[in-house]
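Try each task before you read its solution.

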Amino acid sequence: MYILSYIFALLNALVSSPRLGFILCILLSFGIFMQGCSRSSNLDWNNEEGYRWAEISPGYFGSTGFQTLSSSKTGIEFNNRITREEID
C-alpha cells in the first residue's frame with residue numbers, strides 16, 4: 001500500500017510540475033539506456049601455469065578505451081624494448 005501512495009505522489013508531481021517531469025523522464029531514460037549498454041561479467045577463464053586469461057571483445061562503441069600517453073603527462077621516462085625472439 002505504501003508503494004502505491006508513493007507512485008501516486010510521483011505521478012501527481014509529474015502532472016503539476018513539467019520541469020520535474022522532464023527531469024524524471026531524462027533520468028529514467030538514462031537508466032534504461034545504461035542497462036542496455038551493460039555486458040555480462042561472466043568470462044570464460046583459461047588457466048595456465050602461473051596465470052589465467054580470458055578472451056574479451058572491444059567496448060560497446062568498438063574501442064578498447066586505451067590511448068597513448070606521452071611521458072610528459074605520465075612522468076614515466078623509460079622504455080622496455082624487447083624483441084619477439086627474446087620472448088620466445
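**Exercise 1.** Work out how many helices and strands the protein chain has, and in which pattern they follow.

*Solution.* Start with the count: the protein chain has 4 helices and 2 strands. Helices (H or I, at least four residues) and strands (E, at least two) are DSSP runs, numbered from the N terminus. Next, read along the sequence, and the pattern is α-α-β-β-α-α. A note on the numbering and the model: residues count from 1 along each chain as its sequence is written, and this is a predicted model, where local features need pLDDT of at least 70, side-chain atom pairs count only at pLDDT 80 or more, and totals for chains, interfaces and linings use all residues. Side-chain values use heavy atoms, with hydrogens and water left out.

**Exercise 2.** Find how strand E1 and strand E2 pair.

*Solution.* First locate E1 at residues 45-48 and E2 at residues 51-54. They pair in the antiparallel sense over 4 bridges; pairing requires that DSSP finds at least two bridges between two strands. Then pick glutamate 48, whose bridge partner in E2 is tyrosine 51. Finally, look at the hairpin, with 2 residues between the strands: glycine 50 there has a positive phi near 90°.

**Exercise 3.** Decide whether phenylalanine 22 is buried or exposed.

*Solution.* Begin with its place, helix H2 (residues 18-37). Buried means under 20% relative accessible area, exposed over 50%, partly exposed in between (1.4 Å probe, protein chains only). Phenylalanine 22 has a relative accessible area of 55%, so this residue is exposed.
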